[in-house]
Amino acid sequence: MKISINWIKEWVDLDGISPEEIIKRFNLTTAEIEGVEYRGSDVSNVVVGKIIDLADIENSKNHLLKVDVGSEVLQIVCGAPNARVGLIVCVAKVGANVHGFKITEAQRNGITSYGMCCGADELGIGSDTTGIIELPLEYESKLGTDIKELFPIDDVVFEIDNKSLTNRPDLWGHYGMARELACMFDRELKPIKTVDLSAFEGLPSINIQNQSDGCYRYSCLTAENIQVKKSPIPMAIKLNYCGMRDINLLADITNYVMLEVGQPMHAFDNEKVKEIVVADSKEGDTILTLEGETHEIPAGSILIEDGNRVPVAIAGVKGGMLSGITDETTSVLFESATFDSARIRKASRSIGLITDASQRYEKSLDPEMTSLALARIIEILKNIDKGVAVTSCFSDNYKYHYDTKTITITPEFISSRVGVAVPAETIISTLVKLGFTVNNNGKEIVITVPSWRATKDISMKEDIVEEVARVYGYDNIEPKPFAFPSIPASQMPSHTNEYAAKYLLSTKYNMNELHSYIWSYADFNKEYSIDTKSYLHLLDSSHSGNSGIRSELIPTLLKFMEENKNSYPEIGIYEIGRVVTGLNEENLANEEKHLGIVLASTSKSQEELFFELKGIVLDIAKNVVGVDADLAKCENFPSYIHPRGVGELKTREGSYGYMGLLHPTVNKKLDKRFNVAVAEINFGKLADARVFSVKAKQVSKFQNVILDFTFMVPDSMKYADVMNILGKCRSKILRGYSYVTEFKNDEMGDSRALTIAAELASFDHTLSSEEIETFRTDVIAHMLKNKINLKA
Amino acid sequence: MVEKINELLNMFNERLAGLTSSKEVEEIRVEFMGKKGKVTDLMSGLKEVPNEQKREMGMKLNELKNTITAKLDEKKQEIQNEETTREINSMPEIDYSRPVIAKKGSLHPRTIIQKQVEDIFVSMGFIIEDGNEVETEYNNFDAVNVPATHPARDAQDTFWLENGQVLKTQTSAAQNRILRTYGPKCKVLFPGRCFRNEDLDASHENTFFQIEGVVVDENVSVSNLIYFMKEMLKGIFKKDLNVRLRPGFFPFTEPSFELDATCPFCGGRGCSTCKGSGWLELCPCGMIHPNVLSEAGVDPDKYNGFAFGLGFDRLVMIRTGLSDIRYLNSGNIKVLEQFGVRM
């Protein structure tokens, strides 16, 4: 929103305060000023002139003018279609600046031209592009006078972010801004001039039928004999500086009053609209708006209709074309109304029309403003066009009154919340300046909130604290430390373990942590035959085809692998992220924090990758979290996993996910050059699992002996099975077994050679060769009993 | 005898001069000093020397033995030195400037910076909490005082789910649960991933991170909040930054503030990061709205506090120099690996 300082100055004297000071103070007190325009600074040496002679130029639309600028008569070549003898114009003399360029002597049509007659758009003070400005005849006495002395062309215009004024409906007009600035700089706020509406009491009233609960107040007034068609130049300047266009007086004046008091207004041609019906729209209602576009009105919007129930405006959004004012209009019905903010927002959004009116209505406007706006518009209109006559009384349907809000507060409360002792006088004077009614009984302050702040902004003590503190100045509040209880905070294991796991994966295993989205990529999954479920979808399925919420991380990580695979022959990526694995009895998402890992390699075998990933997964389980976990037979794994290369991460307490090789179908589709191993771990569950503390084991002081056994083991027998058998052969000197290697060739048939090392040591003596030999033969004999031979 | 000794010594000296390897030295040692060596041979001739000369000859022979042994050791050392020098010189000098080709792992830049931020808060006694990404309408909106008609609830802004839940639009969705869990006196930080129905561009994401904190106690004031924010930002940027509070408007807090800090990159002179203003908008904050407290079972007449939300992805972009927010969720290893594991 743009705010003209000239306009503000009509009600507040800002002398001695620089624009920079206003910006700084306003930023800290009210809202951020995002931009400043020094309007008029690019216009100089433009004076009033009179066309005293006009001659056609052969083969050209241009005319040769003689223009009297008081001290001299200038010869000017001019192309404006409205140039004519006797016209009072704005003349940019040689050397003048006009909206960014300099006027010089110029050859046009072979004739030297000494200046330019200016159009409003060329000076940046109006929207008319059809010709040069036609000044009223009264300016004939001002020939040669700089137009800046006659019109408020020099101005400072602030641009304020609309969003930052969301909660301040009162600041959507200049008068509200003037009140704010008057308070900020402790200056007086002059009253806004209006006619006395009660003067029209004897006139006929307009029939208003308000059938909609969404219309809080509908006020209107009619006037006739409006002869002036064009807005006065100062009015046009202000409208243009504030980002609007000047069109014709009746359209402009409604905009003008809206920019002043913040109340959107509409002018109907009184010949076409004589009665008002406010009604909720029905399915299929349409309207042709002022812009000439037909809009379908969604049911539940509010429509303004005429006496024949023909829609004439979308309430709070846009007026209709057929009922609107034209150049011929001389009698008018002015609407000034208040509607339910939510319904206007909904209508405006669903129709796709965001207007100056709808933006204001969305902020919950004060219904008390409707009468002020009408009294103001008649005041201005009568000043511009003396012949205007009001033809109706102030007609008003005031359906919904906001409650009057009173807040009782003490200066102590305010001071304790601000953290600075604010004197009662400061509190009171601040609030009074902002329009609050204050009653101080010495102990408590009873505050009545002004209607323009009571629609949603201010309702409780904390709101008053804000008003006082912001005007007091946040930069004047001294920062003060405060005591915290010194209790060590215990942190959640799932959170601290998350960092530890990430550091391990990224440093020890050189993997890359990636972040992705929560969506399940249906198209990608389909293309690569990845069967994954979404238990929950976005309500609005138009979200670029990815409306499902993921239930596992691996499909997304495979997508990332696919996107990166041409840059890296070896890929190791992981993410710790959220997935939704179903809905509970209450139909709420069952959310889990998962760790997903993808290892892909163009050089390693499937087996190598599998065991590399097994090492990583167990490292996290055992060394990061501290649980005693291992892989076990996996029954439940996704269909994109290789059924013969998969294991479940388990402890005695439970299961925490799986790891495995990619199914050949998916693997080939992704890229057959790569072997891929993946793991999907329920990290939240794992991190909360019971941790076993590590106790020191006794270590022998005597030399240990490592003894290798190579057994021929049937392929059907797993390492764990072999260890189960071995474990039954007990010995005092056995410290433990470890896996060494395994090997297989064609001659071995359905068996493989498995090498296991036994570590032997005694706690009280150095082992003798007899002891070692006894152990060896015992083991071999034990295994033989279990039909496992030593390799020949 | 003397002649024989001199002869042998000369012969030895001659042979010694021609030696080039330790092996040859050892061969000569055996030849002269071995059990059947030339010196031993000569020694056995001592018994034929007249008795009066025996002592003198014995000394001379010992001298010969010592000389030969010393010279052999000396020669051996010399040759070993030469051999070591040859060995050293035979190896090409290592080009220490050659880079090491190693696949380097990386943490997501968010992880690195989030840890740094969290460490600061942990040192201030905060508990670090977590929150769900799929939230109930109650937690996301009602519990934190967002009016039923607030535009934020529109489908244009919020990802609504089929079951009536939402993808949380702000970390404040966790406030109610956290205040209920930790009671009226608490300091909790809760980073989290949030979602808004936005079109993506270089500075807009539909999936982004925030870090939110709440402090609830008795008699907490705006001046406490300013103090806290200042110290916290000092910790994050490792610089004493000027901060300013501007009025803001959020349903969760009253009063609400926008907290700006002097741009840490230009020191307030104005640069591209702060778009010339000298200030960086860093952290919306405010005094927790009484409705939010009472909704979580905390008596707002007795307790109050403040809440703040760091626009964390913005901080990450500032710190990393990444100009496009979309990189953060892109899974683009080339972009993300460059930050390694620390910043």
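How many residues of chain B are in contact with how many residues of chain A? Please continue from there to the charged pairs and the cysteines.

Author: This is a predicted model, in which local features need pLDDT of at least 70 and side-chain atom pairs count only at pLDDT 80 or more, while totals for chains, interfaces and linings use all residues. Residues are numbered from 1 along each chain as its sequence is written, chains are lettered from A and ligands numbered from 1 in the order in which they are written, and side-chain values use heavy atoms, with hydrogens and water left out.

In chain B, 82 residues are in contact with 75 residues of chain A, contact meaning heavy atoms within 4.5 Å. The two chains bury about 6800 Å² between them, and 57% of this lies on carbon and sulfur atoms; buried area is the accessible area (1.4 Å probe) that two parts lose on being put together, summed over both. Between chain B and chain A there are four salt bridges, a salt bridge being a side-chain nitrogen of Lys or Arg within 4 Å of a carboxyl oxygen of Asp or Glu. Asp154(B) forms a salt bridge with Arg345(A), with the closest N and O atoms 2.4 Å apart.

On the side of chain B that touches chain A, the largest share, seven residues, comes from helix 8 (residues 222-237) of chain B. Helices (H or I, at least four residues) and strands (E, at least two) are DSSP runs, numbered from the N terminus. Within helix 8 of chain B, Glu231(B) and Lys234(B) are three residues apart and so separated by about one helical turn. Their salt bridge has its closest N and O atoms 3.4 Å apart. Glu231(B) is partly exposed at 29% relative accessibility, and Lys234(B) is partly exposed at 30%. Here buried means under 20% relative accessible area, exposed over 50%, and partly exposed in between (1.4 Å probe, protein chains only).

Over all chains the count is 66 salt bridges. One of them joins Asp213(A) and Lys399(A) at 3.7 Å, N to O. Asp213(A) lies in the loop between strand 12 and strand 13 (215-224) of chain A and Lys399(A) in the loop between strand 23 (395-398) and strand 24 (406-409), so the pair ties together parts that are 186 residues apart in sequence. Asp213(A) is exposed at 63%, whereas Lys399(A) is partly exposed at 40%. Lys399(A) is also among the residues that Asn210(A) touches, not counting residues up to four places away in sequence. Asn210(A) is in strand 12 (residues 208-210) of chain A, is buried at 11% relative accessibility, and has a side-chain polar contact of 3.4 Å with Asn397(A).

As for the cysteines, the count over all chains is zero disulfides, a disulfide being a pair of cysteine sulfur atoms within 2.5 Å. For Cys220(A), the nearest cysteine sulfur is that of Cys393(A), 8.7 Å away. Cys220(A) is buried, with a relative accessible area of 0%.

How values were computed:
A polar contact is a pair of N or O atoms within 3.5 Å; within protein, one must be able to donate a hydrogen and the other to accept it, and residues adjacent in sequence count only if both atoms are side-chain atoms.
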